[in-house]
Amino acid sequence: MSTLKAVRGTRDLLPPETALWNRVEATARAVFARYGFGEIRTPVFEDTQLFVRGVGEETDVVSKEMYTWEDRARAASEKAQSLTLRPENTAGVVRSYIEHKMGDTGMLQKLFYIGPQFRRERPQRGRYRQFWQIGAEVLGPQSSGAESALRDAEVLEMLATLLDELAIPRASEANDGKGWRLALNSVGSSTDRPRYIAALKAALEPVKATMCVDCQRRAETNPLRVLDCKVPEDQPIIDGLPKIAEYLDEASTAHFAEVKAALDACGVPYVIEPRLVRGLDYYTRTTFEFTVALGLGTQNALLGGGRYDGLSEMLGGPKAPGIGFAIGEDRLILTLQALAEAGSVTIAESKLDAYIAPMGAGQNAAALALAKDLRASGLSVEVGDGSFRLKKSFELADKLARRILILGEDEVATGVMTVKTFATGDQVKVERAELGEFLKN
Ligand code: HAM
């Protein structure tokens with residue numbers, strides 16, 4: 001019989017690598033807490049319409065990459081509901097904000113999430129069909145100040161802090177640009193956008209026939225998406241198209257200037273990237289991406305985000321401007337592993353405090369009881385069984401733990417243990433009452 005494997009584009013995360021995932025998540029949670037964020041957990045699948053309306057029908061995510069199915073109708077009279085595994089979490093968070101009337105509190109909502117997302121993309125290094133995002137959203141009624149440029153800058157400064165705390169360097173001459181880089185743009189408000197799109201359409205009219213088929217279609221249906229095109233032959237044409245910055249009105253220009261000034265004041269470096277419109281339709285004004293030229297190959301977008309002042313209304317909710325981001329956690333881990341390989345960060349090897357080796361089945365019960373006591377005092381302990389065979393078992397114990405505790409008949413009778421520290425080879429006798437303290441050092 002053929003063996004079954006994880007589905008293409010999905011993978012198992014195993015220890016000890018999962019220890020690194022946990023450390024990254026713990027750091028993110030600690031940073032988010034300092035900035036006043038609370039955790040939100042929304043369902044992994046939602047009504048398909050949420051993404052069609054929120055993310056946009058013409059985006060690659062919705063038109064090509066979603067895992068969508070018709071749910072079985074419960075009764076003959078019922079219509080089958082179309083469901084989709086979430087390809088991203090912003091639409092779900094805004095749906096939840098509307099559903100739970102969070103806006104009625106009048107307060108700014110600061111929410112973070114950590115969880116899997118699903119896109120049917122061509123799998124490669126750093127690109128999976130089930131991948132993990134660590135994200136956050138800041139939104140609220142207009143009176144809560146959710147529209148303020150200060151929020152944009154705060155979110156970006158928080159991201160810089162998080163990457164600093166994870167020891168991912170900023171790109172500089174000293175590290176040959178092998179650190180993170182923040183690309184920033186403004187895609188304008190809902191009033192700027194139609195003017196820009198009209199200009200784009202006009203500029204595309206004489207050249208679109210020479211572009212790829214996707215661009216020919218997008219030029220008609222959603223010209224902004226032409227700027228996402230990756231086809232090399234189309235790039236010179238796209239470079240010559242009008243830039244959104246030339247179409248921002250006074251309010252959007254001032255908003256963007258305020259974001260930049262606050263970033264300057266906080267010492268967060270950025271590069272203006274006029275083509276950064278991002279692949280999702282809900283964005284207004286500020287858009288950004290952090291890239292990192294380390295360990296990711298072509299999939300160098302570590303995280304992305306932006307402002308979405310009209311999304312709540314697109315989903316039938318009240319006005320609730322917002323801004324947020326999502327970090328590709330798989331890519332963050334790949335980056336940290338590449339840094340560890342280069343020797344610039346250390347990924348702590350997590351060894352247990354002790355391995356208890358009973359010398360024969362007669363000591364099994366005593367070994368387990370000792371392990372229970374030591375674990376209760378906060379020590380991490382593995383316990384062998386009476387089949388312990390000195391040499392091979394010693395090597396195994398060395399891989400797992402910092403120390404080994406031999407438990408023979410004598411030790412059980414006298415309460416004096418023999419403890420060996422693997423790193424030094426030292427072997428000492430320790431009274432059972434002092435064992436806990438000894439192992440903690
Ligand atoms: P996004 O740019 O589509 O934005 O995804 C954010 C990040 O998720 C990307 O920068 C990348 O690191 C990671 N990512 C995306 N697709 C994959 C994949 N197939 N495999 C591995 N990693 C992937 C959003 O999802 C928005 N919801 C972000 C946001 C929040 N905007 C406002 N609020």
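A polar side-chain atom of Arg278 lies 2.9 Å from an oxygen atom of the ligand. Tyr282 places a polar side-chain atom 3.0 Å from a ligand nitrogen atom, and a polar backbone atom of Gly328 is 3.4 Å from an oxygen atom of the ligand. Polar contacts are pairs of N or O atoms within 3.5 Å; within protein, one atom must be able to donate a hydrogen and the other to accept it, and residues adjacent in sequence count only if both atoms are side-chain atoms. Taken alone, the ligand exposes 650 Å², of which the protein buries 95%; accessible areas come from the Shrake-Rupley method with a 1.4 Å probe, and for residues only the protein chains shown count as cover.

The model is predicted: local features need pLDDT of at least 70, side-chain atom pairs count only at pLDDT 80 or more, and totals for chains, interfaces and linings use all residues. Residues are numbered from 1 along each chain as its sequence is written, and side-chain values use heavy atoms, with hydrogens and water left out.

## Composition of the shell

The ligand is surrounded by 27 residues, the closest being Glu88, Thr90, Glu121, Tyr128 and Tyr283; a residue is near the ligand if one of its heavy atoms lies within 4 Å of it. By class, the shell holds 12 nonpolar, eight polar and seven charged residues. Here Ala, Val, Leu, Ile, Met, Phe, Trp, Tyr, Cys and Pro count as nonpolar, Asp, Glu, Lys and Arg as charged, and the others, Gly among them, as polar.

Strands E6 (130-139), E10 (301-307) and E11 (322-328) each supply at least two residues of this shell. E10 gives the most, with six residues. Helices (H or I, at least four residues) and strands (E, at least two) are DSSP runs, numbered from the N terminus.

## The chain as a whole

The chain has 15 helices and 16 strands, and its C-alpha atoms fill a box of roughly 90 × 65 × 50 Å, taken along the principal axes. Of its 441 residues, 49% count as buried, that is, under 20% relative accessible area, with exposed meaning over 50% and partly exposed in between (1.4 Å probe, protein chains only). The chain exposes about 21500 Å², and carbon and sulfur atoms supply 54% of that area.

An unreviewed UniProt entry places the feature "domain: Aminoacyl-transfer RNA synthetases class-II family profile" at residues 1-358. UniProt positions are given in the numbering used here, feature names are shortened, and annotations may be inferred rather than shown by experiment. The end C-alpha atoms of this span lie 40 Å apart, and the span is 34% helix and 19% strand.

Helix H4 (residues 90-99) is largely enclosed by the rest of the structure, because eight of its 10 residues are buried. These are Thr90, Ala91, Gly92, Val93, Val94, Arg95, Ser96 and Tyr97. Their cover includes strand E2 (45-47), H2, strand E5 (109-118), E6 and helix H10 (311-314). Just after H4, Lys101 takes a positive phi of about 50°.

Leu50 lies in helix H2 (residues 48-56) and is buried, with a relative accessible area of 8%. Leaving aside neighbours within four places in sequence, Leu50 is in contact (heavy atoms within 4.5 Å) with Val55, Ala91, Gly92, Arg95 and Leu315. Gln109, in strand E5, is buried at a relative accessible area of 14%. The side chain of Gln109 reaches the backbone oxygen of Met107 at 3.4 Å.

Asp152 lies in helix H5 (residues 149-165) and counts as buried at 0% relative accessibility. The side chain of Asp152 makes a polar contact with the side chain of Arg307 at 2.6 Å.

Most residues other than glycine have a negative phi, and most peptide bonds are trans. Arg278, however, has a positive phi of about 65°; this residue lies in the loop between strand E8 (271-272) and strand E9 (284-292). Arg285, found in strand E9, has a positive phi of about 55°. A cis peptide bond joins Pro15 and Pro16, with omega about 5°, and Pro16 lies in the segment before helix H1 (17-34).
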